[in-house]
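Good morning, colleagues. I would ask you to look at the side chains of the model that I am about to show.

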Amino acid sequence: MVYLDTKEKTREKTREKIIQLIIKNNMITTEKLAISIGVTEKGIEWQINKLKKEGLLKRIGPDKGGQWQIIKN
C-alpha cells in the first residue's frame, strides 16, 4: 500500500474545500476562502495556482468582480 504523507493529505483536503466553497459561491474571494478554510491567503493562492495548472479551475473576468469556473473532466 502507498500512503500519502500528512502534508499531501492536508493539501488534498484543502483543495477539496476550495472547490466546494467555489461551487457554493463562484465569486468568493481568496480572502474569504482563507478565512473559511483556516489557512493563509498565500496558501489559498498556491492551491488555486495548482488547480489552474491541473486544468480544474479557471478565472473568468477581472480579479475584482470576476468569478471562478470549475472545469469538469
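I shall speak about charged side chains and then about aromatic rings.

This is a predicted model, in which local features need pLDDT of at least 70, side-chain atom pairs count only at pLDDT 80 or more, and totals for chains, interfaces and linings use all residues. Residues are numbered from 1 along each chain as its sequence is written, and side-chain values use heavy atoms, with hydrogens and water left out.

A salt bridge here is a side-chain nitrogen of Lys or Arg within 4 Å of a carboxyl oxygen of Asp or Glu. By this rule there are three salt bridges.

Let us begin with R15, which pairs with E12 at 3.3 Å, N to O. These two residues are three apart in helix 1 (residues 6-24), so about one helical turn separates them. R15 is buried, at 6% relative accessible area, while E12 is partly exposed, at 30%; buried means under 20%, exposed over 50%, and partly exposed in between, with a 1.4 Å probe and protein chains only.

R15 also forms a salt bridge with E54, at 3.8 Å, N to O. That pair joins distant parts of the chain, 39 residues apart: R15 lies in helix 1, and E54 in the loop between helix 3 (41-53) and strand 1 (57-60). Helices (H or I, at least four residues) and strands (E, at least two) are DSSP runs, numbered from the N terminus.

Finally, the rings. The charged end of R59 sits over the ring of W68, 4.6 Å from its centre; the rule requires NZ of Lys or CZ of Arg within 6 Å of the ring centre and within 35 degrees of the ring normal.
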